[in-house]
Every structure is written in C-alpha cells, then in structure tokens.
Amino acid sequence: MKTMNLRTTTILTLLITLLSVHSAIGQNEITGTVFSNDNTPLFAANIALLNTSIGTTSDENGNFMLQGIPDGSHTLVISYVGFQSKRIQFNTEEIVTTDFNVVLERSFQMPQIEVIGRSPERFQRIPGSASIIDNESISRINPISTSDVFRMVPGVFIVDQDPLGLRVNIGIRGLDPSVSRNVLMMEDGIPVALAPYGEPEMYYSPAINRMESIEVLKGSGSILYGPQTFGGVINYVTADPPAFASGNLHLRGGEGGYLVGRATYGNTVGRSGYTFTYLHKGGNDVAGLNYDIHDLSSKLKFVLSGRSILGFKFGLYNEESNATYIGLSQAMFDSGNFDFVSLTESDVLNVRRYSASVSHDYFFNDDFRLRTTAFGYTTTRNWSREDFDNVPDPNRNYPRIIGNPDIDGGAIYFRGTTGNRNRAFEVAGIEPRFSLDYDFAGISNELDFGLRFLYERAFEQRINGDVTAPTTGDLRNDEIRTGYAFSAYIQNKAFLNERFSVTPGLRVEHFIHERNILRSNFEAVGQATSDEVTAIIPGIGFNYLLKEGISVYAGVHRGFGPPRTKDAISSNIQSEELDAEFSWNYEIGTRSIINDIVATEITFFFMDFRN
C-alpha cells in the first residue's frame, strides 16, 4: 500500500547507509542499513561480497552484518527486486569506519502480470489464501520434479503421472487433479494450457528448473485472471534480465542416464536488458521412462523513456518420451516382477511448443499505469499408443502378452495395433490492464480494470496404425474446434484504515465455441455447429492486519469453468446447450510471518458446486 498523502514529484535522494569496517587479524566485519528511495527500510535486500561466498540479507529494519571478510580490496553489492543494484568498493587496509550515502533508485521491472507481487507488505495484505515459493526455497529443495515444490503449498496436492513429474496433475482443495484442468495455470501472467477455455489440460508443464518463483492464489482475487476460478491461480515466474552481467551453469546426473543441464546468461546494457536460458533434461530408462527435453527461453527489456518500458519473451520447448497410459494390474503389481519392466516400446509422446509475447507499460503518472500484453503460442501433442486389453477378447488374436494369463487380471494383452492421438493447438490474445492508485473521501484505493480477447483453435486427428509403422495408418477421426473469448474485469482494494482493507471485484466472461467434424469413424462428415456461454463472476475479500506479520482474511467469490467444446457439442454435431459449471467459494483464515524461516497459514473453506 502506498503511503497516504504521498505526492512524489521528485525522488528523495537523502539516504544514509552506515557501514563500519573492523579488522581483526585479517577477519573483518561490515554492518549497515539499506533504505529505499522513499526512506523506507528494505527488508530481505541481498548483500553480497563480489567474487566470494560471503553474503546475507537485511532484516525488517534494513540492517545487515557481514563477518569473516579477508583483508584487501572488495566490492560490496547491494540489490533488491525493483531497485537498481548498488556497488560499493572499499579496502580493509585503508578504511576503518566510513559513512556511505547510498541511493537505491527504483528501477523498471519487466512488464508482466503478477498475481501477488514482490513486496512482502503486499503479500501480507492479500484478502485470501496465498503462497509464494521464492527462488531461495526452490534452490533449497533442489527439486527433481515440480511436485517436490508444490508439496510445500497448503491446500495443493499432486498426483504423479510419471516418476519425474513431466506432466503436472494439480488439484486444489479437493478438486480433480487430472491434467490440472480445474486450476488456472500461467507463466509470467500468460495462460499455458493447451486451450484455456475449450481444453484446459496441461500436457505441457513449465519446467521448475528454470523458474525464479511460483505464486499461488486461492481467494477471490483469482477472478482477475480467469477463465477457471474454482481452485485458484498458479503463476510460474521466470527470472528478469539481471542488473549486471551474470551467468550460471547447472549440471545434475544420476542412474539411468538421468541428466539435467541448465545454462543461463543475462546482462543489462544501458537501458536494455536480456536473459537467455537453455535447459536440457534427459534420461534412458529412469524407472522405465525414456525422455529427451530441450527448453529454450529468453526475455528482453527496453526502457524507452521515463514513462515507457517494453518487454519481449520467447520460448521453444520440445519433448519426446515413452509416456504411456498402460499400467500394471493389481495382480502384476503384487507379483513384484514388473516394477522396472517397460510394457510397450510403441508408445511415444511428442510435445512441441512455440511461444512469444510482448508487453508494454506506460506510466501516465506515478499513480496511473497501462499495461498491455499480447501473446501467442502453439502446442503440438502427438501421442502414439499401442492398443491393449486388460481382459482378453476370445475373438481377437494377441501377438504379445505381458504377464501370466493363467491368473485373473495377471496379464496385459496387446493387439499389435496403435492409435495415434494427434492434436495441435493455437492460442492468441491481447489484454490491456489499467492500474490506478487514488484517494476518495480520505480512503486510499488501488483499482485494477481491463479487457481481454482470446482466440483458440484445436486440430484433432485419430490415425489407426500398427506396431510396424505406429505413427502412420488410416485416418479415423478429424475435427477442428474453435473458440473466441471476451472478458472484462474490475477490482478495487479500499484501505478503510491502516489495518483493514476490502476488495470487491467483478468479472464478465463470454465464450463462443464451434466444433467442425470433418471425419468420424472413417466416414466423411463435414458438419459444424456452434454455441456460446456468458457468465458474471463476482467476488469480495477482506483483510485485517492484526499487527506486523499477522493478518486475518475472509472472502467469497463465484467459481466458474466454461464447458469443454467436445462436451458442449456432441459427436453428431448437436449442441447440448450446456451451461458453465459454477460454484460459490467461501474462505476464512489467518497467516503469519514469524521470521525468515517460519510462516503459518490456516484456512477454513467451503465450496458449493452446481451444474
């Protein structure tokens, strides 16, 4: 929250950081204090001695201490997200006690949508259940899969589909976790599902190995994003271009050819910054899984003027794996003979994704900002899967049987044929979002309002082949599904006093979808029909700050999920006239930040579904 009655026309530059350097037989100590340029102490600012492993963070009063500094010349780097980093050079042999006047000027952040934001104070005032998994926590976990990280978040549960979590199945508050279709998944504020409205499945999951942090929001504030507003919002946040030239190389390996390699480099030159990340993940028979992943991403930032900043983001992802839906029967599992047996060599999943976005911030003044984001991505998901039966058909010959057919449920019967489920998706959208800070009747307010248009199209084919040529064969089904979504939203956070805030909001969704079946069951069809759904999604949240670090919150909002196009329009091209799925979601809880290590959150919730 911005300080009331603060009208900044010039930047305050009178900041004093007191540094004391003490020598003790080659071991020196530095203490100091870090402030922002509005004279506010910066909590958790990074303090590091360049080219050493010595570093710390500032406390809630901006104070810090570094010990064990060897004699000689050094460079102290003080950095904080949203501010320009500062370097201070000193020599322990020449300086005993020195006062530094340090100004950490605010810098332009990468223009991208954030669900929670980076300020600890902003997190504390969220009117609902929320979590941030920062870079330090991710590094400490050193995750093998995304599941390792999400298990830290209360109310979030994971169902593993493969041993390495290549596909994330996330459920929130008891909702079905299958391919995360009931949770809004985003990366840097942009949806990442195959088709966010008509087919919100997560066959592509952002790799945790290249993430800076993860935001999870489960309260009424999720209506700002949509379309799904049942369980909440998960936003993967990637690293911004660094203030100084920096790079790192990470390698990790293990049995079965397990390998994770990540190379990152970035810099800021003048008013422009960039960062590039290449990630490779691979394995050969890692618990039966063979996979090869290449993931390239980049961010570019250009400060055009004191009021304008432009950002670009690009991504390329390519995966090939032997992912399969074939699993062991109970009898096969109990026997213990198939724990590390690959049941089929014909199942191959290829996922390829290209993405690009451009975002622009324009500051009309210190209180009014327009953020415009345009994005587009394509995802190809081709999956060749061998046909099988769990119960044998007496009229069918099986060229291959795995297991013991003499035991009831003791074998899997393979037909020797394959079904290729080939799908390709196109998604594009544009979203202008306004943010206004204003005072009304002595009450400080933060207003967000905006619009979004989103286009999506899905191409789906089913091709029947055999194990000798698994990816080719006869075209059985062929169809195109198209969607157009229009949404508008508004949310206003009113700070009734220094402790109590109220945040009402409203979202309107209108979704037009069409299903065009070109071929069905080997027969030409060539028919299409369309349908549409409109919904009004209200919400309101409350937050009361009991004292610094402890708050209580409550809220209620409308849960919404549009019908999947394949469900709303039947295979015989008839509209089922399906309404959207709705719920009323209630929650009340408390959260506290005790120190840098310990934090608590307790939430009681109730979700009432209909339709």
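**Side chains, strands and cavities**

Mentor: Take asparagine 445: a polar atom of its side chain lies 2.8 Å from the backbone oxygen of isoleucine 443. Keep in mind that this is a predicted model.

Trainee: Where is the place of asparagine 445?

Mentor: Asparagine 445 sits in strand β25, residues 443-466.

Trainee: Which side chain makes a polar contact with the side chain of asparagine 445?

Mentor: That of asparagine 492, at 3.0 Å.

Trainee: Is asparagine 445 buried or exposed?

Mentor: Buried, because its relative accessible area is 6%, and the limit for buried is under 20%.

Trainee: Which residues does asparagine 445 touch, leaving out those up to four places away in sequence?

Mentor: Leu436, Asp437, Tyr438, Asp439 and Phe440, and also Asn492, Lys493 and Ala494.

Trainee: Which strand holds threonine 503?

Mentor: Strand β27, residues 500-520.

Trainee: And is threonine 503 buried or exposed?

Mentor: Threonine 503 counts as buried, because its relative accessibility is 2%.

Trainee: Where is the place of glutamate 105?

Mentor: Glutamate 105 is in the loop between β8 (97-100) and α1 (120-124). It counts as partly exposed because its relative accessibility is 22%.

Trainee: How many residues along the chain lie between glutamate 105 and serine 36, and what separates their C-alpha atoms?

Mentor: They are 69 residues apart along the chain, and their C-alpha atoms are separated by 7.2 Å.

Trainee: On to sheets. What is the order of the open sheet of five strands?

Mentor: The order is β9-β14-β15-β12-β13, and the pairing is mixed. At the edges are β9 (130-133) and β13, each of which pairs on one side only.

Trainee: How many bridges join β14 to β15?

Mentor: Six, between β14 (residues 211-217) and β15 (residues 233-238), and the two strands run antiparallel.

Trainee: What about β16, how many of its residues are buried?

Mentor: Zero of its eight residues, so strand β16 (residues 246-253) is hardly covered, given that buried needs under 20% relative accessible area.

Trainee: What does β16 pair with?

Mentor: Strand β17, residues 259-269, in the antiparallel sense over eight bridges. Within that pair, glycine 247 stands opposite tyrosine 265 in β17.

Trainee: Which residue in the hairpin of β16 and β17 takes a positive phi?

Mentor: Glycine 256, with phi near 70°; the hairpin has five residues between the strands.

Trainee: How do the lining residues of the largest cavity divide?

Mentor: Into 11 nonpolar, five polar and five charged.

Trainee: And the second largest cavity, what volume?

Mentor: About 110 Å³. Of its 15 lining residues, Pro111, Gln112, Ile190, Ser357 and Ser359 are the closest to its centre. The elements that give two or more residues to its lining are β20 and β21. The lining divides into six nonpolar, six polar and three charged residues.

Trainee: Last item, the second largest pocket. What volume does it have?

Mentor: About 560 Å³. It has 22 lining residues, and the closest to its centre are Ala287, Gly288, Thr324, Ile326 and Val341.

Trainee: What does its lining have by class?

Mentor: There are 12 nonpolar, seven polar and three charged residues.

Definitions and conventions: Residues are numbered from 1 along each chain as its sequence is written. This is a predicted model: local features need pLDDT of at least 70, side-chain atom pairs count only at pLDDT 80 or more; totals for chains, interfaces and linings use all residues. Side-chain values use heavy atoms; hydrogens and water are left out. Ala, Val, Leu, Ile, Met, Phe, Trp, Tyr, Cys and Pro count as nonpolar, Asp, Glu, Lys and Arg as charged, and the others, Gly among them, as polar. On a 1 Å grid over the protein atoms alone, a cavity is a set of points where a 1.4 Å probe fits but cannot get out, and a pocket is an open set with protein on both sides within 12 Å along at least five of seven lines; lining residues have an atom within 4 Å of a point. Grid points are joined across faces, edges and corners, and a volume is the space filled by probe spheres set on the points. Helices (H or I, at least four residues) and strands (E, at least two) are DSSP runs, numbered from the N terminus. Two strands pair if DSSP finds at least two bridges between them. Buried means under 20% relative accessible area, exposed over 50%, partly exposed in between (1.4 Å probe, protein chains only). A polar contact is a pair of N or O atoms within 3.5 Å; within protein, one must be able to donate a hydrogen and the other to accept it, and residues adjacent in sequence count only if both atoms are side-chain atoms. Contact means heavy atoms within 4.5 Å.
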